[in-house]
Amino acid sequence: MQPVLNMKYCIALLTVYFFCSSVFSQMDTVFVKQLDAVIVTATRSERKLSNVAVPAQLISDKIIQQSGSVRLNDILQEQTGLFITSGSSSNSPGGGAFGNGVQIQGLSPDYTMILIDGEPVIGREGGVIDLARIAVGDIKGIEIVKGPSSSLYGSEAMGGVVNIITQQPQSDRISTCFRYGRFSMADANLAASVKKKKWGLQVFGNRNSSNGFDPDKSISGYAVDPFVNYTMQSKLIFQPTNKTKLIVSGRYYGSTQDNFYPVTDSIASPAFHVAGHSRIREINLNPVFVQQFNQDIRSTLRLYFSRYHYEQGLHRETDRSFYYYDLFQQDYLRAEDQTDWKWQRKNSLNAGGGIAADILNTTRYKGKKSDVIRYLFLQNEWRANEQLTVIGGARYDNNSAYQARLSPKIALSYKATGKLRINASYGSGFKAPDFRQQYLNFTNDAAGGYLIYGASEITIQQLLQQQQQGLITAILPVAYHVTRLKPEISKGLNVEFHFDVNKRLNISANIFRNDINNLIQYEIIAYRSNNAPVYSYFNIDRAFTEGIAPQFQFLVNKKILIQGGYQYLITADKEVLKEIKEGILYARKLNSNQVYKIKRSDYAGLPNRSAHMANLKLFYDDEPSGWSGSFRAVYRSRWGTTDKDGNGIINRSDEFAPGYLQLNISVIKKIKTLRIQAGIDNLLNYRDTVNLPDQPGIQPYISISYSLIKKHKQNQL
Amino acid sequence: MKTKFIPLLMIFTAASGLLFFSSCKKDNSSAVKTTNVDTAVLAVNFSSNSPFAFFSFKNKTVVNNSDSATGKWDFGLRLTTFLVNSNASGPGNAGVILQNGIFDNITSAPASGYAYDTAAGHLAITDGTWYSYNMNTHSFLPNPGKVFIFRTADNHYAKMEILEAVYEPFTGPVPKIINYKLRFVYQPNGTLNF
């Protein structure tokens, strides 16, 4: 009962504060600090947010805490223009790990890079890095850069970059947090840090578990199976002199999920149950050595090793006979050096290069697959005068498996007046064809027996041979065009207006356009003797995404911060637009035989995109009384799911998932070093078992944390 | 006042003119109309090893498989493979044009340009060109706006549209029958008009 009472009390309190905003003397609260924090992701060097020329955003630890977020997807779904794609959950073998990915500026999760302290998170399943793999309990902040960033980060940074900045050791401290919520969702954190003159150590441990949930009882098995996962993170900083610094970070993530669900061997055969486990083990090790040669030159050597290991074993429930085994193990090794040079007072240069090896061992492909990438990058920032800053840069990626890529970028920032700042950037991004698209050799016996070949795994000669052997009954003309894949490329333009109305209110709007070429899609190339189709991948499609994303931030008084944002998005497959223009694309009316010609306005663009997304967030923090909290509303308009009238595009009303509004609330009371938080996610209990199988509905939770801090004089490491 | 009145008058005249022409056209077409729109359900084997299902536009029925070597059928279907009764597939003179368009708006068949089954591996209709297959639901969705214009085995003309492809309820791992729901117009008088 207690948390509910607290909440009501707090809402009343918030309302009072909101309407009679008191006179404020100083504005040095945590909120103010976050308005112009330092961000590293945008330029690969520390810059104030107000000096960054590309659309960038920082989510502080304070905001994460007040939002009651546990995993990365929790907090990203509340950010302007970020669309969290729904995981395919555990309804098919190998599908359990797809999880939630993030779409930036309408580009799929495949084109978004997730970094931890600047190093890429690996282990894409179906192109998606599951955001739920990343705990946000003890991080300093999340930096988001929208638009093509391949000039700095290479492949995959086509739509944008999300960089998790882990906590630095800042004091001698130990803290623990325990959270419990509906569906036995339990989350426990333990963090400790030691800070000495020359060294510091930060350790963090997290255990996260749930009994799973099952909104649709008519279907046996769970929508989300029970799971438990552990995260361990540590960071050791050693600074023998004030010119030399060594940072060694380590991370471990392990998760186990119990699987139990009905499957069918083919299209509508009777279901039987399979049971088993899926496991993920992930290790990252990242030593970084920083040497400040003199006032103007600094060099950073980064080494990185990461392993992602996914394994799933399933057996038939009735006789415990073998049903399915899947292994996916990726190793990533990288050495990189970056040198930052400040020259002639007005210039900052970042130059670097590296070598990376990507090795994959999986049951899905024939043999081990590997790729070696060598790259160089160069970027110069020129502060022409007080008003104008110009940044130019490029990155060259050479590798063993596909075409080399040069990714240039130019950005400028112009301070028109003291209040108005205009940023513009144009750059190119790319995504290498992934291992799946190149090497997949996968027969899905669990779903009709279809077969998918990576483009490097099949040739027309092999197909013809299979036809002679009677394995293939029909070869489609497109099969003659199977060839080595090229990287998918994009060109992105961002124009951003920042207007500081006054010290407390700022508004901005970003207009963006991304043109994507060589999009890789699968197509049927042949039919097997069991009639199941054979697929392969092709560079066929061209698409674009464009839109506008206005945002505002309003510091009502030193206790209340309001943030809001909206994104209007238009996307389209250019081939479809061409077909519409030629008048050769038709649609069938719902529940009727009537066919009509598709108009541009009938076409809803790429699937899985909402045209309208909006958020409004209110954060409250009253340090003297110890009360704080937040109220967040997130809206997403309908998005296309699957074609149902046979034209391959999203155009009919039954081809959409309905839009929805999600309200989240959280209240915190601090008593000295004890912190009690109660919150409700999805207050309106919105559910959609078909399109959002992993959305369990209303989720109340309560958390208690306690910390012991030995205060130090602030001496920054 | 005058300037406002003239456009209104023009619109009225144009509208009434349109009404007049369209009503005339309607009268004309119904006067000469000798065809009807028919529907049929063709039960097709869901296997590329079992026999084809044959169809005759003239009789508006399925033709027995034992008549496969005759000119009694116009087209055959097995899974998603089309045959037309000509050359490599049969003794008839059938051909087909797969045309983009709206079924009701196609009022006449082209005089030439029909494709034939020139060889067993080179059929008039390429598989995969008239439907989408959904990997997740395993359903075949006929593409809207694809109209099959046939010259029948005995040199008449017909137009056809596939409305649905639905699996017949089944037990076992693989469906046995896929039911194609067809809509067609057959012109019995031998002209190209529908």
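Two strands count as paired if DSSP finds at least two bridges between them. The strands themselves are DSSP runs of E with at least two residues, while helices are runs of H or I with at least four, and both are numbered from the N terminus. Keep in mind that this is a predicted model, in which local features need pLDDT of at least 70, side-chain atom pairs count only at pLDDT 80 or more, and totals for chains, interfaces and linings use all residues. Residues are numbered from 1 along each chain as its sequence is written, and chains are lettered from A and ligands numbered from 1 in the order in which they are written.

Let's start in chain A. Strand β14 (residues 244-263) and strand β15 (residues 272-292) of chain A pair in the antiparallel sense, with 20 bridges between them. One spot to look at is Tyr261(A), whose bridge partner in β15(A) is Val274(A). β15(A) is also joined to strand β16 (residues 297-316) of chain A, again antiparallel, by 17 bridges. The link between β15(A) and β16(A) is a hairpin through four residues. Across that pairing, Ile280(A) has Tyr310(A) in β16(A) as its bridge partner. As background, strands of a sheet pair through backbone hydrogen bonds, either parallel or antiparallel.

Now for the packing. A residue is called buried if 20 or more other C-beta atoms lie within 10 Å of its own, exposed if 12 or fewer do, and partly exposed in between, with the C-beta atoms placed from the backbone. A nonpolar core is then a set of buried Ala, Val, Leu, Ile, Met, Phe, Trp, Tyr and Cys residues joined through C-beta atoms within 7 Å. The largest such core has 145 residues, and the members touching the most others are Val136(A), Ala526(A), Phe75(B), Phe82(B), Phe150(B) and Ala158(B). Strand β28 (residues 533-557) of chain A gives this core its largest share, seven residues.

Which residues does Val136(A) contact, leaving aside its neighbours within four places in sequence? With contact meaning C-beta atoms, placed from the backbone, within 7 Å, the list runs Ile64(A), Ser69(A), Val70(A), Arg71(A), Leu72(A) and Ile75(A).

Lys368(A) sits in the loop between β18 (347-362) and β19 (369-383) of chain A. Lys368(A) counts as exposed because it has 12 C-beta neighbours inside 10 Å. Beyond its neighbours within four places in sequence, Lys368(A) is in contact with Ile359(A), Leu360(A) and Asn361(A). From Lys368(A) to Tyr620(A) you cover 252 residues in sequence and 53 Å in space, C-alpha to C-alpha.

Over to chain B, which has one helix and 11 strands. Of the 194 residues of chain B, 34% count as buried. Among its contacts between residues at least 6 apart in sequence, 56% join residues at least 24 apart.

One open sheet in chain B has four strands in the order β3-β2-β4-β5, with antiparallel pairing. β3 (61-63) and β5 (81-84) stand at the edges with a single partner strand each, so one side of each has no neighbour in the sheet. Inside this sheet, β2 (residues 53-56) and β3(B) pair over three bridges, and Phe55(B) stands opposite Val62(B) in β3(B).

Another open sheet of chain B has five strands, in the order β1-β11-β10-β9-β6, and is antiparallel too. Here the edges are β1 (37-45) and β6, each with a single partner strand, so one side of each is left without a neighbour in the sheet. β9 (residues 146-151) and β10 (residues 157-167) of chain B pair over four bridges, and Phe148(B) faces Met160(B) in β10(B).

Finally, a look at backbone angles. Most residues other than glycine have a negative phi, and most peptide bonds are trans. Asn87(B), in the loop between β5 and β6 (95-100) of chain B, has a positive phi of about 40 degrees although it is not a glycine. Asn87(B) is partly exposed because 19 other C-beta atoms lie within 10 Å. Asn682(A), in the loop between β37 (674-681) and β38 (699-710) of chain A, has a positive phi near 55 degrees. Asn682(A) counts as buried, because it has 20 C-beta neighbours inside 10 Å.

Key
Two residues are in contact if their C-beta atoms, placed from the backbone, lie within 7 Å.
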